[in-house]
Amino acid sequence: MSRRYATQLAHNEHVHQTFLASDKNLRPNRNGNYYLQLQLADRSGSIDSRLWNASEKDYKDFDNGDYVLVDGSTQLFQGNMQLIINSIRRARPDEVDEGDFMVRQPAEIDQYATRLAELLRGIKTPELKNLAECFLMDDEFMKKFTTAPAGMKNHHAYKGGLLEHVVSVMELVLLVAPRYPQIDEDKLLIGAFLHDASKIDELSYDREIGYTDEGQLLGHMVMAMSLLDSKIVEAERLSGEPFPKPLAIEIKHMIISHHGEYEYGSAKLPMTLEAVALHHLDNLDAKINSFGTLIADCPNSDSNWTQYFGNLGRKLYKGVTEE
């Protein structure tokens with residue numbers, strides 16, 4: 001029987017297959033009985049799942065990040081699909097196809113990595129070109145950079161998502177910067193490359209995506225300051241010349257202001273043209289990816305509209321459904 005991915009599941013459908021478990025919680029219901037709540041995911045996305053009348057043993061039988069074999073059935077509840085579990089256990093290795101959990105295949109990631117190197121080596125400003133080369137020569141950094149997700153849930157939340165997001169924003173820079181000659185394209189390119197770079201250590205992503213202790217305590221924008229300083233030292237050693245301090249400050253400003261507003265985590269509001277541009281290009285790519293995923297994952301397959309998203313204050317229009 002061919003696999004049915006999480007976002008393909010329809011109402012009242014029997015399910016017997018392997019998923020990646022995360023966000024599990026043992027909760028009491030109104031009657032004081034416990035149920036297990038968790039997310040079950042594959043490469044398409046995830047589905048909210050519940051095991052009624054659960055015990056502490058059910059909770060401890062597997063860990064977040066484990067592959068689990070699940071038997072259950074789906075139901076549509078308040079506009080969202082959920083999976084009601086009858087049984088769940090750790091999956092055996094022969095019950096897991098890693099390809100079912102890879103959003104981006106290795107060949108796609110290689111293509112993005114090649115394009116990233118081309119974009120960075122196209123920078124003309126000598127100081128920024130040397131700085132970019134120091135990152136490209138760092139095998140450990142590049143391994144993490146080409147593997148990490150760009151976020152937990154909001155956008156590009158899958159392995160390779162950070163690389164995809166960064167390359168996309170850099171491609172936008174090449175389209176937008178020529179339209180505004182007052183913007184320094186090379187500065188904006190390096191800002192696009194580095195704005196989320198420290199997510200490689202802010203997040204853990206061996207299987208499930210989570211925060212590291214350092215990431216939870218500091219956040220990627222703070223962590224990026226020390227990462228950039230260490231690479232500037234390398235760039236100075238490579239070139240034999242000091243890296244311009246004002247340029248380093250402008251790069252740091254782009255990083256710490258790229259969320260655009262204090263309420264969204266920016267330490268500073270964007271105060272240079274490049275920082276303003278980076279914020280909007282980053283936000284554009286993140287929003288298109290996020291909204292596109294919400295549309296693709298919508299369980300209302302017979303409607304031109306998604307369900308209502310309270311956090312967005314709207315439904316999303318999917319277009320006319322083909323007959």
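The legends below describe close-up views of a predicted model.

**View 1. Pairing of strands β1, β4 and β5.** Strand β4, which spans residues 67-77, pairs in the antiparallel sense with strand β1, residues 14-28, over seven bridges. Within this pairing, histidine 16 has aspartate 71 of β4 as its bridge partner. Strand β4 is also joined by 10 bridges to strand β5, residues 80-90, and these two strands run antiparallel as well. One of the bridges here links glycine 72 to isoleucine 85 in β5.

**View 2. The hairpin turn between β4 and β5.** Strands β4 and β5 form a hairpin in which two residues lie between the strands. Glutamine 78, which sits in this turn, has a positive phi of about 55°. Most residues other than glycine have a negative phi.

**View 3. The largest nonpolar core.** This core has 54 residues, and those with the most contacts inside it are Leu116, Phe145, Ile190, Phe193 and Ile251. Two or more residues each are given to this core by α2 (106-121), α3 (126-136), α4 (139-145), α5 (161-176), α6 (185-194), α9 (220-239), α10 (245-257) and α11 (273-297). Helix α5 provides the largest share, with eight residues.

**View 4. The surroundings of leucine 116.** When residues up to four places away in sequence are left out of the count, leucine 116 touches Met142, Phe145, Leu163, Val166, Val167, Met170 and Phe193.

View 5. An unreviewed UniProt entry lists residues 158-296 as "domain: HD/PDEase".

View 6. Asparagine 12, in the segment before β1, has a phi near 60°, which is a positive value in a residue other than glycine. Its relative accessible area is 62%, and asparagine 12 is therefore exposed, given that the cut-off for this class is over 50%. Asparagine 53, found in the loop between β3 (45-51) and α1 (56-60), likewise has a positive phi, in this case near 50°. Because its relative accessibility is 63%, asparagine 53 also counts as exposed.

How values were computed:
Residues numbered from 1 in each chain as written. Predicted model: local features only at pLDDT ≥ 70, side-chain atom pairs only at ≥ 80, totals over all residues. Heavy atoms only, no water. Pairing = 2+ DSSP bridges. Helix = DSSP H or I, 4+ residues; strand = E, 2+ residues; numbered from the N terminus. Core = buried A, V, L, I, M, F, W, Y, C linked by side-chain atoms within 4.5 Å. Buried < 20%, exposed > 50% of the residue type's maximum accessible area, 1.4 Å probe, protein only. Contact = heavy atoms within 4.5 Å. UniProt positions renumbered as here; feature names shortened; annotations may be inferred.
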